[in-house]
Amino acid sequence: MDVTTTVIRCGVCGAPLCGTGSIYKCEYCGNVSHRGNPALEDELMTANALRECTRFDEAQNMYKQLAKKYKDGDLSEVYWNQLLCEQRVMFETNEKGEHFPSFYAIVSDEVTDSLCYECAISQATQHAPERVAIFEKMAEKMANAKLLYTRIRESEKPYDVFVCFKK
């Protein structure tokens, strides 16, 4: 007998969601996710899987298509994930179980200046007001981490790395 378990992840920070039925809550960031549109949820999970594999461009294109296809309803998580792709960021878990932003590239644009961020906030304000504070908190974490990475990059001497693998 083959049993497959799907872990539903938070659309904001990527932590596993807890719940049953159509309402799930993230124990880390507090996001409450209402799973009411199965078609959107399936496509969103596919896009999230691409993003989690750091295939940011493919995931971002899929999020754009989702925003066009599902114009009605709450698309705040779609825009938020599009922002994560745009910023090339994933939320990782450290040994204490805390989630922190990890950048796969440093984008010069500020997180809060992004159109995706503005759309995520606007959608959350309309459909899930409790998510606005969560988005703002996560955006602040991303901005602080980006500032720290930038300071480190500017204070370190440049160097080249060559990696070779032979089989």
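Is Glu 41 buried or exposed? Glu 41 is buried, at a relative accessible area of 10%, where buried stands for under 20% and exposed for over 50%, with partly exposed in between (1.4 Å probe, protein chains only).

Some ground rules before the points. This is a predicted model, in which local features need pLDDT of at least 70 and side-chain atom pairs count only at pLDDT 80 or more, while totals for chains, interfaces and linings use all residues. Residues are numbered from 1 along each chain as its sequence is written, and side-chain values use heavy atoms, with hydrogens and water left out.

1. Glu 41 and its surroundings. Glu 41 belongs to helix 1 (residues 38-52); helices (H or I, at least four residues) and strands (E, at least two) are DSSP runs, numbered from the N terminus. Setting aside neighbours within four places in sequence, Glu 41 is in contact with His 34 and Arg 35, contact being heavy atoms within 4.5 Å.

2. The sheet. His 34 leads us here, as the bridge partner in strand 3 of Ile 23. Strand 2 (residues 23-26) and strand 3 pair in the antiparallel sense over 3 bridges; pairing requires at least two bridges found by DSSP between two strands. The open sheet has 3 strands in the order 1-2-3, with antiparallel pairing. Strand 1 (17-20) and strand 3 (32-34) are its edge strands, each pairing on one side only. On average, neighbouring strands of this sheet are turned by 25° against each other, direction ignored.

3. Helix 1 against helix 3. The axes of helix 1 and helix 3 (residues 76-87) are 11 Å apart, and the two pack at an angle of about 15°. Axes are lines fitted to C-alpha atoms, for helices over the stretch in contact, and angles run from 0 to 180 degrees between N-to-C directions. The two helices are therefore roughly parallel to each other (under 35 degrees; over 145 is roughly antiparallel, 65 to 115 roughly perpendicular and the rest oblique).

4. Who meets whom. From helix 1, Leu 40, Leu 44, Asn 48 and Arg 51 meet Glu 77, Val 78, Asn 81, Leu 84 and Cys 85 of helix 3. The residues of this contact divide into 5 nonpolar, 2 polar and 2 charged; Ala, Val, Leu, Ile, Met, Phe, Trp, Tyr, Cys and Pro count as nonpolar, Asp, Glu, Lys and Arg as charged, and the others, Gly among them, as polar.

5. Out to Pro 158. Pro 158 sits in the segment after helix 5 (130-155) and counts as exposed, at 81% relative accessibility.
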